[in-house]
Amino acid sequence: MIKKDTIINADLENVSAETSTNAILEACQKKQSELKELNPTINPLILVQLPNEKETLSELDKTTKDFVEKYFYEQGITYENGKLAVWLSNEKKNLDEILNFDSQVEVLIFKQAIALGWDCPRASIMAMFRENKSESFQIQTVGRILRMPEAKHYENDKLNSAYIY
């Protein structure tokens, strides 16, 4: 079952952050907290897509990844406590339990690996730092957050929506 709606930059105007990247990540976390409160049995996953479309990490990817990791470390979301995961061609961390609804992983950093054939219905929020040039790749990527976790719609439509920043 697919989500009813895709909402872009929800409540972004209500975030006051130093940079646009901070604002996006803060808005993602606020949305995640809101969704957790509405349905405590599912831990909604934030997906963070790095900017460069090439398979290997560019300098921009490394800079963005470092920034995202630092931001989340300051929020208490780390690789060490199992709340931060990464799925890159040369780096994979904390992926073992990520598909479970109650997984402690709150954020997954990726480039393109999850765009093809990956199914994690608890993924609900995406921070896209990439300007996608391929429409089909973009549709596949956004498709990762369009599945309903329990294959049903909820009474509260906020739980029936996907969020993209």
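**Notebook: salt bridges, sheet and rings**

I began with D11, which is partly exposed at a relative accessible area of 38%. My classes are buried under 20%, exposed over 50% and partly exposed in between, with a 1.4 Å probe and protein chains only.

This is a predicted model; I need pLDDT of at least 70 for local features and 80 or more for side-chain atom pairs, while totals for chains, interfaces and linings use all residues. Residues are numbered from 1 along each chain as its sequence is written, and side-chain values use heavy atoms, without hydrogens or water.

**Entry 1: salt bridges**

I counted 13 salt bridges (a Lys or Arg side-chain nitrogen within 4 Å of an Asp or Glu carboxyl oxygen). I looked up D11 and K31: their side chains meet in a salt bridge, with 3.6 Å from N to O. D11 sits in the loop between β1 and α1 and K31 in helix α1, so this pair ties together parts 20 residues apart in sequence. Helices (H or I, at least four residues) and strands (E, at least two) are DSSP runs numbered from the N terminus.

Is K31 buried or exposed? K31 is buried, and I noted 5% for its relative accessible area.

I then went to E34 and K158. Their salt bridge has its closest N and O atoms 2.6 Å apart. This one links distant parts of the chain: E34 lies in helix α1, K158 in the loop between α3 (135-142) and β7, and 124 residues separate them. I have E34 down as partly exposed at 23% relative accessible area. K158 is also down as partly exposed, at 40%.

Which residues are linked with D11 in a network of salt bridges? I found K31, E34 and K158 there.

Next came E74 and K70, whose side chains form a salt bridge of 2.8 Å, N to O. Both are in helix α2 (residues 59-74), four residues apart, so about one helical turn separates them. For E74 I noted 53% relative accessibility, which counts as exposed. K70 is exposed as well, with a relative accessible area of 53%.

**Entry 2: a buried lysine**

I looked up K111 in the loop between β5 (107-110) and β6. K111 is buried, with a relative accessible area of 3%. What do I find at its side chain? A polar contact of 2.5 Å joins K111 to the side chain of D61. For this contact I take N or O atoms within 3.5 Å; within protein, one must be able to donate a hydrogen and the other to accept it, and residues adjacent in sequence count only if both atoms are side-chain atoms.

**Entry 3: the sheet**

I traced an open sheet of seven strands, in the order β1-β7-β6-β2-β5-β3-β4, with mixed pairing. Strands pair if DSSP finds at least two bridges between them. The edge strands, each pairing on one side only, are β1 (5-8) and β4 (91-93). On average, neighbouring strands of the sheet are turned by 25° against each other, direction ignored.

I followed β7 (residues 161-164) next. β1 and β7 run parallel and are joined by four bridges. D5 has S161 as its bridge partner in β7. Helix α1 (residues 20-38) packs on the sheet and touches β2 (45-49), β6 (123-128) and β7, its direction making about 175° with that of β6. Here contact means heavy atoms within 4.5 Å; axes are lines fitted to C-alpha atoms, for helices over the stretch in contact, with angles from 0 to 180 degrees between N-to-C directions.

I also checked β6 against β7: two bridges join them, and they run parallel. M126 stands opposite I164 in β7. Both faces of β7 are covered. S161 and Y163 on one side, and A162 and I164 on the other, are all buried.

**Entry 4: aromatic pairs**

I counted two aromatic pairs. Y71 and F72 have ring centres 5.1 Å apart and planes at 85°, so I call the pair edge-to-face. Centres must lie within 6.5 Å for Phe, Tyr and Trp (its six-membered ring); planes under 30 degrees apart are stacked, over 60 edge-to-face, the rest tilted. Y71 counts as buried at 8% relative accessibility. F72 counts as buried at 0%.

Y73 and Y79 form an edge-to-face pair, 6.3 Å centre to centre with 65° between the planes. I noted Y73 as partly exposed, at 34% relative accessible area. Y79 counts as buried at 9% relative accessibility.
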